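Please keep the sequence and the structure in view while reading.

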Amino acid sequence: MTKTGWMTCTGVALIVLFSSCGYLFAAAGEEIYQVEPGFKLVPAIIMVTLLCVYIGVGILSRVTETSGYWVAGRGIGKFGNGAAIASDWMSAASFMGVAGLLYLKGWFGLGYIIGWTGGYVLLLCLIATQIRRFGKYTIPEFLGDRYDCHTVRLIAAAVTVIISITYSTAQFKGIGLICGWIFGMNYNASVFFAAGVVCAYMLISGMAGVTRNQQIQYVVLISAFIIPLWILIKKAGGAGILPQLEYGALLSDLLEGKVASGTLGAAEIEKVRQIYLPWGAGSFYQFVALVFTLMVGTAGLPHIMIRFYTVKSEEVARKSVLWGLFFIGLLYWSSPVYAVLGKFWNPLGGQQVADVIILSAPERAGMGIAYIGYLAAGAMAAGLSTVAGLLIAGASAIAHDWYATVFNPAATDRQQLFVGRIFTAALCAVVVVTALNPPALIAQIVAMAFSIAGNTIFPVVVLGIWYSGSNKYGALAGMIWGLGMTLIAMAGWIAGIPAFGANGLLPATSSALLVCPMAFVLNILVSNLMADRISEESADRSDNILRKLHNLPGQVDEAPSGEKLPGTHMSEGFKP
């Protein structure tokens with residue numbers, strides 16, 4: 001059998017294995033979704049067809065080189081990369097979670113939309129162009145080279161893995177809810193089934209197939225998300241012309257207690273008004289902390305940054321961010337419509353309804369099963385595309401930055417690909433275990449991943465690009481501080497400690513407002529205190545990276561291992 005045949009068989013075997021495991025766990029725990037149970041033929045046909053397309057694209061995009069597996073051969077254009085960024089970004093948290101949070105928390109939930117979109121402005125202004133000029137494969141690789149330190153590289157790789165696991169947990173929760181609704185499976189069974197699909201096309205194709213699939217998945221998810229809104233708004237009494245502008249009238253009626261079932265009582269009206277008016281579900285501090293955390297977290301996500309390595313040039317990197325923002329904005333413009341429509345048909349639903357509001361609202365509105373099935377397929381596409389990007393980023397951190405760079409520098413392309421595929425499957429297995437008992441709402445779990453990225457990766461990357469005085473000692477101090485405090489906040493949230501809860505001073509979903517600035521300060525302070533410990537050779541190498549990042553004169557090509565790079569040491573506050 002050929003190598004491709006073995007990989008294809010392995011992928012199919014994984015689907016069967018994970019699906020079988022899912023049914024073994026079928027009795028474990030109560031289903032956590034509140035929509036009509038049972039197998040649904042039409043949505044199942046739509047879903048299986050699309051899954052076959054994704055796996056087929058993976059087979060056609062199979063790769064044999066590391067550049068194809070990690071960065072898609074650097075052949076992606078601005079439109080394609082913009083769509084891939086949007087698909088990578090518009091996860092189950094965006095597709096399902098944002099509408100659910102707006103349904104549950106009303107005005108406060110807008111912080112997620114503002115923070116996530118604002119983060120792309122930071123990426124555009126501070127990071128995208130410079131990262132593309134650097135080239136290579138991963139963010140830990142950039143940090144390891146910039147700070148001339150394997151320890152920085154290893155810690156950054158570990159953080160990337162933690163982010164991948166945390167973020168993917170939220171996606172698998174969303175995927176599990178969707179598969180459970182379509183196939184009538186238990187939540188746990190559907191998580192295992194989805195894991196098999198993800199592993200199958202990722203192991204075969206790597207980033208090349210993932211990117212092509214993400215472009216397809218964007219078309220599926222955005223059409224699935226927006227098209228049903230015209231029917232839904234019309235059923236709720238709107239004109240059905242532009243739902244994004246029409247839902248305001250429906251919201252006004254909600255605040256007066258007018259819903260599909262009649263009129264709410266006085267106490268129920270007050271409850272709805274408290275949620276949908278400013279500061280009803282959170283304080284000013286909590287709102288600002290959430291927005292800030294999501295902004296710096298967005299700009300610090302390794303699986304988003306790695307997209308800039310896949311494009312042809314730095315100009316394409318900049319333009320792809322703009323196109324990505326446009327594509328993302330189409331979905332975020334529509335999320336509040338689902339939340340208000342959900343309140344109209346189910347005004348008093350709780351957390352269990354919130355995570356599947358994009359399904360339960362159309363279901364209660366009596367839309368046809370084909371419409372709802374396609375909507376579910378869009379949600380599935382959103383979750384799969386993000387998980388694929390996350391697992392690629394996590395696997396590359398292990399295979400490329402741990403194994404091939406530090407532990408076995410002589411590794412061949414074939415060895416790196418083998419290790420990468422092994423750890424892709426291993427990370428997927430870890431995520432499945434954590435997703436079986438998710439600690440919070442989908443979007444809240446994602447926000448925790450953003451806290452990690454915003455407190456660790458974002459400060460060290462920004463200072464690594466824009467402040468020449470930052471060195472390995474400062475980088476280590478800032479990253480260890482940021483990671484430690486974020487993990488403490490997450491543990492405190494899970495343990496139910498008030499200070500780390502949603503209303504606490506350092507919530508796990510919004511810790512960057514306090515932790516991130518301190519990471520910057522620690523990095524700068526320690527770097528200056530330890531500046532005399534940096535050798536001239538190391539300073540020259542860092543200086544050469546800075547010149548490359550900013551396209552300055554004096555930059556030279558990298559020398560072979562063990563040789564000193566020529567160049568002028570810039571010891572005084574590099575400020576391009």
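## A buried charged pair

Asp543 counts as buried because its relative accessibility is 4%, where buried means under 20% relative accessible area, exposed over 50%, and partly exposed in between, with a 1.4 Å probe and protein chains only. Arg547 is buried as well, with a relative accessible area of 13%. These two residues form a salt bridge whose closest N and O atoms are 3.1 Å apart, a salt bridge being a side-chain nitrogen of Lys or Arg within 4 Å of a carboxyl oxygen of Asp or Glu. Because they sit four residues apart in helix α24 (residues 536-549), Asp543 and Arg547 are separated by about one helical turn. An α-helix has 3.6 residues a turn, so residues three or four places apart point the same way.

The model is predicted: local features need pLDDT of at least 70 and side-chain atom pairs count only at pLDDT 80 or more, while totals for chains, interfaces and linings use all residues. Residues are numbered from 1 along each chain as its sequence is written, and side-chain values use heavy atoms, with hydrogens and water left out.

## Other salt bridges

A search of the whole structure finds five salt bridges. One of them links Arg153 with Asp145, whose closest N and O atoms lie 2.9 Å apart, and both Arg153 and Asp145 are buried.

Lys258 forms a salt bridge with Glu256, the closest N and O atoms being 3.6 Å apart. Here Lys258 counts as partly exposed because its relative accessibility is 42%, and Glu256 counts as partly exposed at 47%.

## Two cavities

The structure holds two cavities of 30 Å³ or more. A cavity is, on a 1 Å grid over the protein atoms alone, a set of points where a 1.4 Å probe fits but cannot get out, and its lining residues have an atom within 4 Å of a point; grid points are joined across faces, edges and corners, and the volume is the space filled by probe spheres set on the points. The largest cavity has a volume of about 40 Å³, and of the 10 residues that line it, the closest to its centre are Thr138, Ile139, Pro140, Ala393 and Ser396. Two or more lining residues come from each of α7 (139-146) and α18 (369-407), and α18 provides the largest share, four residues. The lining of the largest cavity divides into six nonpolar, three polar and one charged residue.

The second largest cavity contains about 30 Å³ of space, and its lining consists of Thr456, Pro459, Val460, Ala475, Gly478, Met479, Ala519 and Asn523. Elements giving two or more residues to this lining are α21 (457-466), α22 (472-495) and α23 (512-529), with α22 giving the most, three residues. By class, this lining has five nonpolar, three polar and no charged residues, where Ala, Val, Leu, Ile, Met, Phe, Trp, Tyr, Cys and Pro count as nonpolar, Asp, Glu, Lys and Arg as charged, and the others, Gly among them, as polar.

## Helix α8

Helix α8 (residues 150-183) has 34 residues and reaches 47 Å from its first C-alpha to its last, close to the 50 Å expected at 1.5 Å a residue, that expected span being 1.5 Å times one less than the number of residues. Helices here are DSSP runs (H or I, at least four residues), numbered from the N terminus. α8 is mostly covered, with 29 of its 34 residues buried, and just after α8, Gly184 takes a positive phi of about 70°.

Note on methods
1 Å grid on protein atoms, 1.4 Å probe; cavity = no way out; pocket = protein on both sides within 12 Å on 5 of 7 lines; lining within 4 Å.
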